[in-house]
Amino acid sequence: VPSPAPSPSTAPTGGETPLLAAVAGREPSRVPVWFMRQAGRSLPEYKKVREGISMLDSCARPDLVTEITMQPVRRYDVDAAIFYSDIMVPLRAIGVDLDIVPGTGPVIARPVRSAEDLEQLRDPEPGELDHITAAVELLVAELGPTPLIGFCGAPFTLASYLVEGGPSKDYARTKAMMVGAPDLWHELMARLARISAAFLRTQVQAGARAVQVFDSWAGSLPVRDYRSSVMPHSASVLTAVGERGVPRIHFGVGTSELLPSMVEAGADVIGVDWRLDLDDAWRRVGGGVAVQGNLDPALLTAPWPVLAERVRDVLRAGGRVPTGHVFNLGHGVPPTTDPDVLARVVDLVHEEGLALREP
Ligand code: CP3
């Protein structure tokens, strides 16, 4: 009887997947790679299953969540799956009136501007996250050895949508509340921290093997405000899953100056955008964590020889980090990305990654 061919993403030695080895500081069998926003609008198969169903409705259906999460795993030989959901999903689950508008992002019906507006935000009740549990369980069974990364939004990034009412360039109202109404601000942040922690814990309990906390817009803050008004609340989210032993990736955009504080808030892996070389980033944080990143997503449209050399530069810099490197982009996959280019990047990382490390 012929035995089934091993799936390509089961490559590890000793049963340890490349992602989990790398983030634990152990030598992986290959440099692990996955992409933020690997599921979604860059894939024709995604557009097909999403026809006639809204983003948030698709997130509530475990069968669709499983299919969409699996799509990039089938197409690319990535070393992790990222749960198809959204940072706003737990808010919707507790009844906050919001939508995700295609091409725009999250839009909130009743923005949070006063203490009364906070009434929309309460802890999820038993049962309200059952669709998350069901989706993760279905997915983990389908994924086999490929680890699932669970995620949530950090309180500041969620607060920015709730206070502004939608996406923003300058976060003016958010910052005004932060410095002008600190009691209201801290109550808002504490509530969001509990909601995101519940979302994250639900995914870990159902089988997610690593987590990423997205503080996408924290890079808009001065270090001092980050430390006094944001860091304690991010820390409470990261601590909530810390004792469960799953590696925690802490990521934001434009956070070069915040990296040491983000590690202090809690991180086993620090996510870095394209602005800093990975070895510089790692030196800034003082060494105790692995790094993830950081190819500039804009380069995915460059001619292949140019792009390939930049991928190698990221691998070399990541190789100078003795505590481990996970290859990723510096932010999400742009919607216009050619999937074949991503496939070539994955293969290059796997073929040349270990050899490009300094001996
Ligand atoms: O592969 C994956 O990473 C899929 C899972 C995922 C989504 N959103 C799906 C999604 C993850 C991890 C997120 C996180 C998320 N959502 C963040 C943090 C990550 C980041 O990019 O910094 C943020 C800030 C959001 C809020 C949000 N949701 C935005 C800004 C948008 C884009 C709006 C647009 O259309 O330009 C969304 C919508 C969204 N989330 C889509 C997907 C696949 C597109 C929805 C669609 O197909 O219409």
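**Exercise 1. Find where His331 sits, and work out whether it is buried or exposed.**

Step 1: His331 lies in the loop between β9 and α14 (339-352); helices (H or I, at least four residues) and strands (E, at least two) are DSSP runs, numbered from the N terminus. Residues are counted from 1 along each chain as its sequence is written. Keep in mind that this is a predicted model: local features need pLDDT of at least 70, side-chain atom pairs count only at pLDDT 80 or more, and totals for chains, interfaces and linings use all residues.

Step 2: Now for the cut-offs. A residue is buried if 20 or more other C-beta atoms lie within 10 Å of its own, exposed if 12 or fewer, and partly exposed in between, with C-beta atoms placed from the backbone. His331 has 23 other C-beta atoms within 10 Å, so it's buried.

Step 3: Look for its contacts (C-beta atoms, placed from the backbone, within 7 Å). Leaving aside neighbours within four places in sequence, His331 touches Met36, Val253, Asp273 and Pro297.

**Exercise 2. Which residues does UniProt list for "binding site", and why don't they all gather at one spot?**

Step 1: The unreviewed UniProt entry lists Arg37, Gln38, Ala39, Gly40, Arg41, Asp86, Tyr161, Ser216 and His331. UniProt positions follow the numbering used here, feature names are shortened, and annotations may be inferred rather than shown by experiment.

Step 2: These residues span 295 residues in sequence, and the farthest two C-alpha atoms are 22.7 Å apart, so they do not all gather at one spot.

Step 3: Pick Tyr161 from the list. You'll find Tyr161 in helix α7 (residues 155-164). Tyr161 is buried, with 24 other C-beta atoms within 10 Å. Not counting residues up to four places away in sequence, Tyr161 touches Pro106, Ile108 and Gly166.

Definitions and conventions: Contact = placed C-beta atoms within 7 Å.
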